[in-house]
Amino acid sequence: MNFDFNDEQREIKSTAREFLASRFKPEKVRELAEADNPYDEALWKEMCELGWPGIAISEEHGGQGLDTVELVILQEELGYVLAPSPFVSNAFAGLLIEGAGSEEQKARWLPGIASGEARGAAAITPDAEPIVGAAQGASILVLNEGEGGKLVEPADANLERLDLIDTTRAYFRVSADGGEPLPGDVAPAVDKAMVALAAEQVGIAQRALEMAVAYAKEREQFDRPIGAYQAVSHRLAGMLWDTEEARSLTYFAAWAADAEPGSLPLAASMAKARASDAATSVTNAALQVFGGIGFTWEHDLHFLLKRATVGARMLGSPSRHRERVASLVGLGAGGATR
Amino acid sequence: MDLSLTPEEESFRDELRAWLEENHPGPIPQGGDQVQFEFERAWQRKLHDAGWAGVSWPKEYGGRGATLIEQAIFGAELARAKAPRPANVLGLVMGGPVVIAHGTEEQKERFLEPILSAEEIWCQGFSEPESGSDLASLKTKAMKENGGWRITGQKVWTTFAHEAKWCMLVARSDGDAPKHKGLTYFLMDMEQDEVEVRPLRQITGEAEFNELFIENAYVPDENVVGGEGNGWMVAITTLMNERAGLGASAALGLSQALGELIDLAKQTGLAEDPIVRDKVARLAIGIEGLRLGAMRALTATMKVGIPGPEGSIAKLQWSSTNQALTELAIEVGGEEALERDSMWAYRYLRSRANSIEGGTSDVLKNIVAERVLGLPKLR
């Protein structure tokens, strides 16, 4: 048993950390978040050159053929810098087509998704209101409906841009009457997507924790760094607890996705619920540590808080995932929930 | 990343599981504390005879030399089988490892085997009425006397004191030295008139713990561990002697309790209540988080020698989850769960101590803040 990254995975992580730190500096993220289109095509091209869009897509379809763990590593790092990028939406489309598409559909769409040259976007949601990042500019849309899914050409779909609090991503409501059904079961792909999103939430929590800890060491009140006061330091210890617990659950779910698929449904919902709660509570707690300055637009924290809050709703709210957990751990089917 | 067991780990687990199936002593017999203790002593003897006592101890000292992962498997399998605890748990987990790490050859020869066989029970004399979290402020005095020491003072929260032959005792041997420097670690014979044991009744009604009143008790020089003045360092290694697999077995115990809670909710018609369901799911997630965090900590410890940050929060996770679980059981179980002889009432009350015993949650948060996050100390 080895619950840690192997050398190759470490390499992916450190390359991603380095690349993203230089490309998505806080001032760049702010610039994109305040622009109408938060996606920078030149940066997307660079990610494509690194082979990221195809990381978890099979080699026969032009991807790197790696597992959900590697996808999760990238997604955590993307969350850590809060990169505005169509990456995750494209990855979701890849997961759904690879998981549930026909051979013909896979051959047609996956190479473009893997290279990033003809990216996809997926609306995956058990919620009534589908939201999908990065639908604009996508070559193919994948809509998840109940147990199934369908492929829709962007020209045949109704795209309505949503004006959400998180402006580091472009969100849309998508609807389409027609479309080409995916013949397979989308459930495992949807679960993997949840795990990828959970990883993003872990990255956001980690970043907010580090920012708050650094501030608590330097900010002085009553002649001491505020981090010396237990009211503050215990809050920060709690933030570490939230972040690490979410991380353990997310990494396990990522491993289970490919190595122990029977455990995936429960593990995915546990990870998504816990990581969403962690990201929202840690960013909120960080705001309290920063005090007034954390409430200002000029401080970067609010971008993390807003992405965490929207991310918690995507692919099912924490309450919905806990309801699924309750059924899967032995309470049986419950009634209707939010 | 590979969370499956290696073939060696699997065969370790299978061998243990088969042995437990054949040798499980059955439920703890009724008849009071003494009957239960003798039952646990017999159980440990059985474990020892088959080479399952002291799994983490090196083979040369009578242990099994198990890896950290195997120790975790051991803890989890015992919890899974609902096996009783071995009688001499403090000797196995703390006393033996301290003697192995800091003891002389004579001490290893003298003390280790009777710990494994449960022939000699060990207790721990660290805390005092005025020294709880601030252990290094302890006041129990050790005065030099020809060839040995005379100990005077008071200790508290001493589990198994009434059964114990040996007490791991930290006392102040040099009143003039700075507080962490003037301490010495002794192995005190409990069978002397100068040591009085008084049981402490706790809120559950039972008496797991004791007070020790020590009036001029004698300890020969050969029972000093780690040398005069090194008591703090020796005590710290005992406390830091991470009980590998603790998280794994604690998580297993909790998931068994969660299973019972789910049955209770079904019996009382609350299995479909959305709030109960949400709380059960939170518990299930917390338990799984503890289990996985323990596995990450084990991996980190095997690689770099110390557990990562996830290891330092395991005790916090366990105590808060166990408390929340028993609170929900009281809520779900209704009036019957509140009756004085109810199992849930007992667990609810007993779990109140979880956030105090073995390091209070408040102090653990200080430790996480200072050592993991590097925040400044208040002191």
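Predicted model: local features only at pLDDT ≥ 70, side-chain atom pairs only at ≥ 80, totals over all residues.
User: What percentage of the residues in chain B is buried?

Analyst: Chain B has 379 residues. Applying the cut-off of 20 or more other C-beta atoms within 10 Å, the buried share of chain B is 43%.

User: Is K155(B) buried or exposed?

Analyst: K155(B) lies in strand 3 (residues 148-156) of chain B. Apart from neighbours within four places in sequence, its contacts are G125(B), S127(B), E128(B), T140(B), L212(B) and I214(B). A residue needs 20 or more other C-beta atoms within 10 Å to qualify as buried. K155(B) has 29 such atoms within 10 Å, so K155(B) is buried.

User: How far apart in space are K155(B) and N23(B), C-alpha to C-alpha?

Analyst: Along the sequence, 132 residues separate K155(B) and N23(B). In space, the C-alpha to C-alpha distance between K155(B) and N23(B) is 38 Å.

User: What is the distance between the centres of domain 2 and domain 3 of chain B?

Analyst: The domain assignment divides chain B into domain 1 (7-87), domain 2 (122-230) and domain 3 (242-372). With centres taken over C-alpha atoms, domain 2 of chain B and domain 3 of chain B are separated by 31 Å.

User: Which residue in strand 4 of chain B stands opposite C123(B)?

Analyst: C123(B) belongs to strand 1 (residues 122-125) of chain B, where W122(B) and Q124(B) are buried on one side and C123(B) and G125(B) are buried on the other. Strand 1 of chain B pairs with strand 4 (residues 166-172) of chain B in the parallel sense, over four bridges. Within strand 4 of chain B, the residue opposite C123(B) is C167(B).

User: Why is chain B described as being as compact as a globular protein of its length?

Analyst: Chain B contains twelve helices and eight strands. Its C-alpha trace spans about 70 × 50 × 45 Å along the principal axes. For 379 residues the globule rule gives 21 Å; the description therefore holds because this is close to the radius of gyration of chain B, 22 Å.

User: What is the radius of gyration of chain A?

Analyst: Chain A has eleven helices and nine strands. The globule rule gives 20 Å for 338 residues, and chain A is close to that value, so chain A is as compact as a globular protein of that length. The radius of gyration of chain A is 20 Å.

User: Which helix of chain B gives the largest share of the side that touches chain A?

Analyst: The contact takes 45 residues from chain B and 45 residues from chain A. On the side of chain B, the elements giving two or more residues are helix 7 (246-267), helix 8 (274-304), helix 9 (309-312), helix 10 (314-338) and helix 12 (361-372). By class, that side has 25 nonpolar, eight polar and twelve charged residues. The largest share, 17 residues, comes from helix 8 of chain B.

User: Which element gives the largest share of the largest nonpolar core?

Analyst: The largest nonpolar core has 224 residues, and those touching the most other members include L96(A), L141(A) and F186(B). The largest share of this core is 19 residues, and the element that gives them is helix 7 (residues 187-218) of chain A.

User: Which residue in strand 4 of chain A stands opposite L141(A)?

Analyst: Strand 3 (residues 140-145) of chain A is largely enclosed by the rest of the structure, because five of its six residues are buried. Strand 3 of chain A runs parallel to strand 1 (residues 120-123) of chain A, with four bridges between them, and runs antiparallel to strand 4 (residues 148-152) of chain A, with five bridges. In strand 4 of chain A, the residue opposite L141(A) is V152(A).

User: Which residue in the turn between strand 3 and strand 4 of chain A has a positive phi?

Analyst: Strand 3 and strand 4 of chain A form a hairpin with two residues between them. The turn residue with a positive phi, about 60°, is G146(A).

Key
Residues numbered from 1 in each chain as written. Chains lettered and ligands numbered in written order. Domains from an automatic or database assignment. Buried ≥ 20, exposed ≤ 12 C-beta atoms within 10 Å, placed from the backbone. Pairing = 2+ DSSP bridges. Contact = placed C-beta atoms within 7 Å. Nonpolar A, V, L, I, M, F, W, Y, C, P; charged D, E, K, R; others polar. Rg over C-alpha atoms; globule rule 2.2 N^0.38 Å. Core = buried A, V, L, I, M, F, W, Y, C linked by C-beta atoms within 7 Å.
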